[in-house]
Amino acid sequence: MEITSQNQAYLLGLFDISGSGGLGGGMSVPAKPVAPTPPWNAPTTAAQTSAAVTAALAGHKLIDENAAKLDLAGASADYRKLFALYQGLGTLTAIAGQASAKSILPIDKTRLDATFAAGLSEVAAYVASAGFDKLRVSDGVVSGLEKTQVSVPKPSTSYVTPPLTSAIGSEVPAFLGNVKFIISVKRVGTTFNVPIDLSALGAQPRTLSNVIAYANSQLAATGVETRLVAQRIPGQPRSFQSGGKSITLPPSADEWALKVAVGTSETVGFSAPASAGAVYVAQGIGDPDPDHNPLTADGRTQNQLVKFQTDTVAVDAPPQIPGQANFVDGRVFAHTLGPEVKTIRATKVGADGSVYVLADITGATAGQSIKGAQDVALLKYDTAGKLIYSRTLGASNTATGLGLAVSADGQVAVAGALKGALSGAAEGALNSGATGSYAAYSDSFVTLYDANGQEQWTERRGAKLDDEASQVAFGADGTVYVAGRARSVMPGAGALAGGYDSYIEAFKTNATTGKPTSLFTNTFGSAGDDKPAGLVVDGTSLVTAGVESGHAVLRRFDISSGVPVQSSVRDLGDLQGGDIVGLALDAGQVVVAGSTANGSLSAGTVTRAKSGGVDAFAARIDASLSVSAGDAVAYYGGAGNDRATSLAVSGGQVWIGGQAGSDLPGQAPVGKKDGFLASLDVAAGTIGWSRRFTGKDGMASPTAIAVDPVGASVLDRIGLPSGTLNLADSQRLTAQSSLRAGDQFSVKASDGVAKTITIDEAETYDTLAQKIRRASGFEAKVTVTTDLNGERQLSIAPLNSRMTIQLDAGKAGQDALEPLGLKAGVIRETTLINGLSAPADGKGMLYGLGLAAPLNFSDAVQTQHALSQVSSAMGIVRSAYRDLVAAATPKSALPAAQANKASGPVPQYLINQIANYQAALARLTGGG
C-alpha cells in the first residue's frame, strides 16, 4: 500500500489526540480517503499571511472559491466552500493580529479596522448565499431560544429604604430625636395627610417593629390601604484574596429596612414640617495613578453622588451610619456609582426635588447596554438617592454629555458632542454626521425629554470640523437655547474669527409635528481659541460667559426680533491660566464663577482678596453687563492652588465646589487631594457654610454641584424621599435601552424571505412581539414574560420543531438586536439521532460562526475580543469539516468506539498507538 501525505492527513484528522474526542477500541486505516485535505493541515507562512493582509487592505475579496484546492476527485462542493470560508477567516484573523500589535500607528489601525469590518460583511454575505448541500452555516449564533436582556419594569407597588438596623428588636438610631413627618395618601381624588410623630411612642423603645405598628395604626385610622412593613435583607457571603487564595467568610448578619406597601389605586408621598438646605455634589474618587507612571493603566477611580445638609438648626444633623468611609459632618449619603460611569458633567435639581445627573458611560448602566465605546446617560434620583430612571442617548460610536437644563415643568434638555450614527436625530450637519470626509469629527447635539423622561426629539448639527454643544437653557415659552463652540462654520451661521469660535442657537418644538425648528444660529468670538462656559436667559436676552483668548468674557444678546443682536460685552480680564465654570441669573445680576491667578479681575469691588496661587472666584455683575456700583468679586482659597469646578446659586448665596490645594479658610486637610464646597456672600465677601472632604485613597475631585434650599429633612435619616413616590417608569423600549426610533433588525422564518422590523419611538415589548410574529409569518413563538421582581422580557422560539427563525442585525449604527440583548443567528429546535443532537427540522446540521455581533478595534480589549471571535469561527469551520468526514466514512473504517459515537477522554494506550502510527508515517514519507 502506498502511504501518501494525503493519507497521513486523513488518518490524523480522524483521531483527536487532544483528549477532547471520544476514541477507544481497535482501529484500521482506510484504504481510500473520503474527504479532501483541509487547508489547516498545511501551516501558513508569515509571507503568505502578510500577502493576504496586504491584498485585503487593497480591497481584494477575502473569500475565493477558485483558490480553494481539493485534492480528492469528486469531493462534495461543500468542502470547497468550507475551505474558501476558512481561508477568508484566516485573513480576518491576521488583520486582527496586526491590529493588536502594541507598536501599531493609529492611522494603520484605522485602516485595519475598516478592512476588518468589510471582511465581516463579506463573510456574512457569503454564508447567506453559499448554498451548502449537507450543512448550513450562519454568521451569527445557533440556539434554541433567544431572550432579550433588557428588563422593562412593571409599575411597582412598594418602596424600600436602605437598611436601617441589623437587629429588628433594637432601637434604630435614625428614629431617635425629634422625628416628625407626614405620609400623604391620595385615593379617588381625596388626599389623606397622616401625621407621624414618634414622640407619641412615649417610653416605648423606637424599634423598627414599634415604629411600624404605630405608623400603621395612624394609617388605618384614616381608612387607607397603604402600610409600612419590615423588609428583611439577607446577609451575603464575603470574599477576599489573601496569599493568592480566595477566602470566603460566612454571610454577614441580616439587615432590616422599611418598606412602603402602597395600597390599591393609591398614591403615596412624604413631607416633613421642617426642612433645611441641601447640596448635591458629583465627584470622582480614588487614585488615578497609584504607581505614578502615566504609561500604566492602573487607576482605581469611581464616581459618587454625595448629599450634604447645610443647616443643622432647623433639622438635626444627619448621624454617621456605621461603616461609612470618609464621613464629614453634614453628609447625608455618599452613593458610589457603577464602574461604567466615567465622568459626571452636570447636576440639576428639579422642581419636584429630584436630582438629575448627566454622565458619560463606557458600559451598560442600570441594565441598559450601549452601542459604542462611550455614550451619554441621564440619571434621575429621588431625594433619598434612589435611582428613578436611567436614559441613554444610543450613539453608535462615542458621545459626550456637556450641558444639562431642567425646566419648571419638568422637561429636561441635554447637550453635548457625538461621533458616528444616531438613529432618528434630525440633522442640520454640514458633514452629514456619521459619513463622508468629515466623519471623524464631532457634531453638536441637543436632546429634549418630557417630564417622564421620554425623548421628544434630538437635533444634531455640525460643522465640517469639530464642534460641541456645552451649554443649554430653557426660555419661558419652552424654547431650548444652546451655546457651543466650533472649529469651522456652523450651519446658518457667519464666518469664524479664528480657532475655536463660540456659537448660540435656538430650537422651538413644533406643536403639530413635535419636531424641533431651528430659530437661529449665531457665531462669535476672538481670533484665538474660545470656549463658552455659561448660558442664561434673561427675558428677551441671552447672556453667555466664556473664555476668549484666555480672558473671561460676558456677552449679552437681544433676541426679541428672533435674530440675536449683541447688545453689550464685558471683559473681566486675563484669567492667567484659569477657567470659567458656570453662569447664573439672580436678582437682576449675573453670577459668574471660576478659577484664576489674577487677583484684579475687572468685576467690580473686591470684597474678599485673593490668597495666593490659583484661587476660586465668584463675581456678581449687573445683568445688563454695564459697570454698576453693585458689581463685586470675591476670591476663595488658600496659599496653594484651589480650583472651582462648579457653580450654583440659591437664596442669594453663591455656592462653589472644586479641588482644594494645600490650605483653605477654616478647613483643615483630610486627605491627599481634597474637594471643597463653600457658600459665598459675594457682596459682603464672607464665607457661609463650607466643608473640605476626601474620598477613596484620600482623593476627591468634585465635578458638579446642585442646590435645593429645602432638600434636606428628617426623612433623609430614614431613607424616605420627599415628594410623591415615583413607582412607575416608562414601558417604552427606547426609554429602557439604547434603542432609538429607526433602529432595525430582520426576521426570516424557515426558507422564507427576510423581513425588516423598524423600532418606533413608542415601541414596547407587546408591540415588538406582534411585529416579530407577523414578520415570521406567525412561525415564531414570541412570549413576553414577567419575573418575580416584576421585570418584563421577551423570548423568541420556533413555533414547532419543523421551523427555524433567523435574526439578522440592522446596518451599522442602526442595529436593534444588540441593544435588546438578542443575538443574530438561527433559532431552532433539536432532536437526538443515534445519541447526537441534530436539527429537528431534518435538514443539514447548523453551524454558527458567532461573528454577527459588532466587532471592532476601538480599544485593546475590543481588538482582542475580535481576534478571539474570528479564531473561534475558524474552529467552527474545522468542526463542520470533521462532521462531514465522519458522515462520509463507513463505520467499518472507524475505530469501534468512534463508530458507536462514544464519548469521554482518549485512553492512554490509544494515544500511544496513534503516536506510533504518526512516527511510522513520518518515516515512510521521508519526514523522519
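Visitor: Which residues touch the most other members of the largest nonpolar core?
Guide: In this predicted model, Leu85, Leu89 and Phe116 touch the most other members of that core, which has 43 residues. A nonpolar core is a set of buried Ala, Val, Leu, Ile, Met, Phe, Trp, Tyr and Cys residues joined through side-chain atoms within 4.5 Å. Buried means under 20% relative accessible area, exposed over 50%, and partly exposed in between, with a 1.4 Å probe and protein chains only.

Visitor: Which elements give two or more residues to this core?
Guide: They are helix 2 (46-57), helix 3 (77-99), helix 4 (106-129), strand 1 (135-138) and helix 10 (860-888). Helix 3 gives the largest share, 12 residues. Helices (H or I, at least four residues) and strands (E, at least two) are DSSP runs, numbered from the N terminus.

Visitor: And what is leucine 89 in contact with, leaving aside neighbours within four places in sequence?
Guide: Leucine 89 is in contact (heavy atoms within 4.5 Å) with Val123, Leu851, Val870, Ala873, Met874 and Val877. Apart from this core lies another, of 33 residues, and its members include Ala174, Phe181, Val262 and Val268. In soluble globular proteins, nonpolar side chains tend to be buried together.

Visitor: What about the numbering and the confidence limits?
Guide: Residues are numbered from 1 along each chain as its sequence is written. Because the model is predicted, local features need pLDDT of at least 70 and side-chain atom pairs count only at pLDDT 80 or more, while totals for chains, interfaces and linings use all residues; side-chain values use heavy atoms, with hydrogens and water left out.

Visitor: Changing topic: how many cavities of 30 Å³ or more are there?
Guide: There are 2. On a 1 Å grid over the protein atoms alone, a cavity is a set of points where a 1.4 Å probe fits but cannot get out, and lining residues have an atom within 4 Å of a point. Grid points are joined across faces, edges and corners, and a volume is the space filled by probe spheres set on the points.

Visitor: What lines the largest cavity?
Guide: Its volume is about 60 Å³, and its lining includes Ser502, Phe524, Asp530 and Arg555. Strand 29 (530-538), strand 30 (541-548) and strand 31 (551-558) each supply at least two lining residues, with the largest share, 5 residues, coming from strand 30. By class, the lining has 5 nonpolar, 3 polar and 4 charged residues. Here Ala, Val, Leu, Ile, Met, Phe, Trp, Tyr, Cys and Pro count as nonpolar, Asp, Glu, Lys and Arg as charged, and the others, Gly among them, as polar.

Visitor: And which residues line the second largest cavity?
Guide: Phe175, Phe181, Ile196, Val211, Ala215, Leu228, Leu258 and Ile718 do. The lining has 8 nonpolar, no polar and no charged residues, and the cavity volume is about 30 Å³.

Visitor: How many aromatic pairs are found in the whole structure?
Guide: The search finds 16. Rings of Phe, Tyr and Trp (its six-membered ring) pair if their centres lie within 6.5 Å; planes under 30 degrees apart count as stacked, over 60 as edge-to-face and the rest as tilted. Tryptophan 40 and tyrosine 86 form a tilted pair, 4.7 Å centre to centre with 55 degrees between the planes. Tryptophan 40 lies in the loop between helix 1 (5-14) and helix 2, and tyrosine 86 in helix 3, so the pair ties together parts that are 46 residues apart in sequence.

Visitor: Are those two buried or partly exposed?
Guide: Tryptophan 40 counts as partly exposed, at 23% relative accessibility, whereas tyrosine 86 counts as buried, at 11%.

Terms used: On a 1 Å grid over the protein atoms alone, a cavity is a set of points where a 1.4 Å probe fits but cannot get out, and a pocket is an open set with protein on both sides within 12 Å along at least five of seven lines; lining residues have an atom within 4 Å of a point.
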